[in-house]
Amino acid sequence: MRLFVCLLEGRDLVVKDSHVKLKVGKSKSKTRVLKNTRNPVWNEEFVFRVHDLEDELVLSVYQFNEDSAFFNVAGDLVGRVKIPVWSIVAEKNHYLPPTGFSLQKRKSLKSTTNKDYGIALYVLLDLFDNLC
């Protein structure tokens, strides 16, 4: 079974330079870094093989800085979203339309406003492994 993910954009992030790491089970991927925007538009597609419906799609937003790139580390974690794969299976046609998710914020990263921020993504799960 494959999980198709289209990561659309971030909205009202507390950092200007960011990228997202995606993980399902032991499979990982990441977006490109977008600089100088609190509303990044990635429009990137990813495909993950799903072995267990109890797995989660984990999207972690990181602040990019030159030091982290030099040392090949992720940078500072801004927040993350966890979406159980079974919750996508439960949706009609195993499909989530473009949907906004609030980031679970790091406790040490305090926002100066109460405004929520997050990411919007489109998720499609192919249960029959025949989309491509």
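**Exercise 1.** Determine whether V78 is buried or exposed.

*Solution.* V78 counts as buried because its relative accessibility is 1%, where buried means under 20% relative accessible area with a 1.4 Å probe and protein chains only as cover. Next, locate the residue: V78 belongs to strand β6, which spans residues 76-84. Finally, inspect its surroundings: 5.5 Å separates the C-alpha atoms of V78 and V61, which are 17 residues apart along the chain.

The model is predicted, with pLDDT of at least 70 needed for local features and 80 or more for side-chain atom pairs, whereas totals for chains, interfaces and linings use all residues. Residues are numbered from 1 along each chain as its sequence is written, and side-chain values use heavy atoms, without hydrogens and water.

**Exercise 2.** State the order of the elements from the N terminus on.

*Solution.* Count first: the protein has nine strands and two helices, taken as DSSP runs (helices H or I, at least four residues; strands E, at least two). The order is then β-β-β-β-β-α-β-α-β-β-β.

**Exercise 3.** Find what share of the contacts with a separation of 6 or more joins residues 24 or more positions apart.

*Solution.* Take a contact as heavy atoms within 4.5 Å. Of the contacts with that separation, 65% involve residues 24 or more positions apart. As for burial, 39% of the 132 residues count as buried.

**Exercise 4.** Identify the residue that lies over the face of Y62.

*Solution.* The residue is K21, at 5.6 Å from the ring centre. The criterion requires NZ of Lys or CZ of Arg within 6 Å of the ring centre and within 35 degrees of the ring normal.

Definitions and conventions
Buried < 20%, exposed > 50% of the residue type's maximum accessible area, 1.4 Å probe, protein only.
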